[in-house]
Amino acid sequence: MLKSKDLLGLRDITAEEITLILDNAEDMKMRLKKGQKSFDLLKGKTLVTLFYENSTRTRSSFELAGKYLGATEINIAAASSSVQKGETLIDTGKTLQALKTDFIAIRHPMGGAPSLLAKTVGCSILNGGDGMNEHPTQALLDMLTMREQLGTLKGIKVAILGDIKHSRVAKSNLFGLTKMGAEVWVYAPKTLIPKGFDELGAHIATSREQCVEGANAVMGLRIQLERQSGGLFPSLSEYSRFYGVNDAVLKYADKNAVVLHPGPVNRGVELTPALIDGDRSRIEDQVTSGLAVRMAALKLLSEYREAHL
């Protein structure tokens, strides 16, 4: 059983809890592939998706996860809510709690917002991405996809190339993968590598080739122009030329390496179209893994609530 009513990040979660989520997600994914989309595990429960930033994959998969598990699902977009009238996050949370909400999946531009909400309300909070902090369910779906393809996470090498500095996905993957015994290498322009990232357990490569050499999984990360003030690299074309992953770079990886990307992909920037659509790409499979992971997380948090709340 999970040790908290909330899923806020992977930095403070145990390897045993990660394994529990992945095992449950693997079962969910198998059922989904067989066409099962109706479960009664959350019948009578309510899930609210509260998104203060745009999203396609995360938001829709949380919504479908709730519906497939039998919960009543309500979506609230900040642009059309009382946030526009000045309502604070805490007041929004208290309102949702008063409406007897059980789960809130939240995405927020401010790091720490889900933790603040979790301390304020009795609802279970699921972090769908907070600022440049963490994105735990994305990392869990990445790990599920890798574990399915490679058989294990222990002892594998994962290469992550892209906008490390602004990536909550990179941080959550680093926390989760290292706890599971994987080795994480990263490569990007020095302006896109956060200070102290190596102190968190990452290996900072000095070239694309070193980063990818022998890797079992190669992950591209989106260049997040919306979070940048500019001047961090000359241009997207130059970034692609010197830091992007193409067929020539991928040859340095293990012959059975898989290609991943959390999406949305800037085609021809982080990864070439040939790799995105190629046989080694697991990008679409990651989306299915995301649905399974979010179903598993809701199931396990529901079990925690029944036992402790």
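Is cysteine 211 buried or exposed, and at what relative accessibility? In this predicted model, cysteine 211 counts as buried because its relative accessibility is 0%, where buried means under 20% relative accessible area, exposed over 50%, and partly exposed in between (1.4 Å probe, protein chains only). Cysteine 123, at 2% relative accessibility, likewise counts as buried. With a disulfide defined as a pair of cysteine sulfur atoms within 2.5 Å, the count comes to zero disulfides.

Because the model is predicted, local features need pLDDT of at least 70 and side-chain atom pairs count only at pLDDT 80 or more, whereas totals for chains, interfaces and linings use all residues. Residues are numbered from 1 along each chain as its sequence is written, and side-chain values use heavy atoms, with hydrogens and water left out.

Helix α1 comprises 19 residues (residues 15-33); helices (H or I, at least four residues) and strands (E, at least two) are DSSP runs, numbered from the N terminus. Buried residues of α1 include Glu17, Ile21, Met28 and Leu32. The buried residues of this helix pack against α2 (57-68), α5, α6 (168-179) and α11 (283-308). Just after α1, glycine 35 takes a positive phi of about 95°.

Isoleucine 156 is placed in the loop between α5 (136-150) and β5 (157-161), and counts as buried at 6% relative accessibility. Its contacts (heavy atoms within 4.5 Å) include Met146, Leu150 and Ala182, residues up to four places away in sequence not being counted. Isoleucine 156 and alanine 182, 26 residues apart in sequence, are 5.0 Å apart in space, C-alpha to C-alpha.

Note on methods
Expected span 1.5 Å × (residues − 1).
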